[in-house]
Amino acid sequence: MSTYPNIASPFFPDEIAIQTRTSINRCSPISSLPPEILLEVFVLCCEPNYNAIGGVDSHGICPLRLSAVCKAWRDLAWTTSSLWAVIILINPSPHALHLEGILASWIERAGNEPLSIRYEAQSNGLLARLTQETSKWMNVSIFLPSESLPLIKKYKYFPLLQHLSIRIRAESSRPGLLGDYQHNLEDFDIFNTASLPKITRLHVPKYLQCFKSNWMWSQLRTFSASTIGREDLCRILRFAKFLEVFNANSLEPHFSYKRRKVIHSNLRRLVLKEVDSTVLNELLSRPDIRTPNLEDLTIEIYRGNPDSTSPSNFVVSLHQLRRFTMKYDNQYEDPDWVLKWLLNIPSLTELDVSLSARASAKIVFALGNPTSTESKTEYLPLLVNLTITVDRCLVCNLTMKDIAEMLAYRSSGLSPFISRLKSAVIYDAYTHQFTQEDFNTLKTASFGDLALTMVDRKRAYRIRTKHDADLSVKSPER
């Protein structure tokens, strides 16, 4: 006869431990919540972040982690299909065991819920399993090698798909892939209302010749392309009359001389990155594009010196522009065009510039100085948030004292018009650490209600003042 205690006996150590843990869990305040409230908490915890361009950006808490807390949570999580409706596969280990089986089980738990998917893997088996659920795709971002495209091309109907982002992986052993991936997408004949009846956001690697004018463009609100030419940009704006966001990660030269003017009254945000100044001059010189209701504009110039007059004519015509982001890092070109661009937009409330030290100095000097209080000219009178990323070099006269004087002037009420500046951020990417003399200079200025953040290569400091409150300097939490 066995001398071991019966497993059902209350004296069995494991059973006692389980009962003890169960008692503790029941005493926890969160255990008193009804399942309906607890489920709402689960949904908020597992809700992913969404990017208007990239789709599913990152996940909150994976439902598997909630399931591991206790049996009650596991039963609730495993029977709630909405928690499993987000599938994120980012470079999973090729040696992970039973990954396809886990994915199948995950999809099964999602039931009939619309799926949000972020796929960045190289497993055709996983992709093939996902494509079996195209009738449930709602928000899908895929980053895959060109060789995997045939797995998706055979599907022609995506009834629930609202956001589609397609990126092609550049790494491949097959020669000529970089020039072939666009061709491989040309016969991806789904860009129409019959295939995408609910599409509102679309991202593609490049403008595709298979794009045709159809009703799909009327329902599109966001369009993004990794690379696009000037004429193709205008063509998309003509197709998508109700487009609100246009994002070009790279604006490439276009050698067609067929120019058409586009007036787009619904566009609210325009992003142009990696722009050659020659291309920018051609695009905005006439300008080809008029967007009278644009509220958010981003321009990042990587080469050349823009014409100081043609783009400024485009910018000045933007009477609704609220946010302007400008990136141009050239220490050797005359930055006078910056003043004509930026300082003549009276509607701006947010300005974020990443410029050379010389150009940054001109902006700081123009925005205010105690010695210029008699001037009747007030640049950017509605400005609330200012961010400057600057390279402090020896040939530049921009000093911390100049910044302090400008900030004090804009926040002290001395300016001829009402100043609304509430937040200023100064980034110095080349200074190892701000000196104590820099901070002493800033402390001597009265900033009123202004919140100032200074960031150098080593640390970030925030100086806050309100009325007569003491200034404080501290490093950010890491």
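User: Which residue lies over the face of Trp78?

Analyst: This is a predicted model. The residue asked for has its charged end over a second ring too, that of Trp84, 5.7 Å from the centre. For Trp78, the distance from the ring centre is 4.1 Å, and the residue is Arg109.

User: Which residues of helix H4 are buried?

Analyst: Helix H4 covers residues 71-78. What covers its buried residues includes helix H2 (35-46) and helix H3 (63-67). The buried residues themselves are Trp73, Leu76 and Ala77.

User: Why do the buried residues of H4 lie on the same side of the helix?

Analyst: The residues concerned are Trp73, Leu76 and Ala77. An α-helix has 3.6 residues a turn, so residues three or four places apart point the same way.

User: How many aromatic pairs does the structure hold, and what is the angle between the planes of Trp217 and Phe223?

Analyst: The structure holds 11 aromatic pairs. In one of them, Trp217 and Phe223 are 5.9 Å apart, centre to centre. This pair is tilted, and the angle between its planes is 55°.

User: Which helices does the pair of Trp217 and Phe239 tie together?

Analyst: Trp217 and Phe239 form a tilted pair, with 5.6 Å between centres and 45° between planes. Trp217 is buried at a relative accessible area of 0%, and Phe239 is buried at 18%. Because Trp217 lies in residues 216-219 and Phe239 in residues 230-239, the pair ties together parts 22 residues apart in sequence: helices H9 and H10.

User: Which residues of the largest nonpolar core touch the most other members?

Analyst: In soluble globular proteins, nonpolar side chains tend to be buried together. Here the largest nonpolar core has 114 residues. Ring pairs link Phe191, Phe223 and Phe246, among others, into a cluster. The core residues that touch the most other members are Phe191, Phe223, Phe246, Phe324 and Met326.

User: Is Leu386 buried or exposed?

Analyst: Leu386 is in strand E17, residues 385-390. Leaving aside neighbours within four places in sequence, its contacts include Leu351, Leu367 and Met406. Buried means under 20% relative accessible area. Leu386 has 1% relative accessibility, so the residue counts as buried.

User: What is the C-alpha to C-alpha distance between Leu386 and Glu350?

Analyst: In sequence, Leu386 and Glu350 are 36 residues apart. In space, the distance from C-alpha to C-alpha is 6.0 Å.

Technical notes
Residues numbered from 1 in each chain as written. Predicted model: local features only at pLDDT ≥ 70, side-chain atom pairs only at ≥ 80, totals over all residues. Heavy atoms only, no water. Buried < 20%, exposed > 50% of the residue type's maximum accessible area, 1.4 Å probe, protein only. Helix = DSSP H or I, 4+ residues; strand = E, 2+ residues; numbered from the N terminus. Contact = heavy atoms within 4.5 Å. Core = buried A, V, L, I, M, F, W, Y, C linked by side-chain atoms within 4.5 Å. Phe/Tyr/Trp six-rings, centres within 6.5 Å; stacked < 30°, edge-to-face > 60°. Lys NZ or Arg CZ within 6 Å of the ring centre and 35° of its normal.
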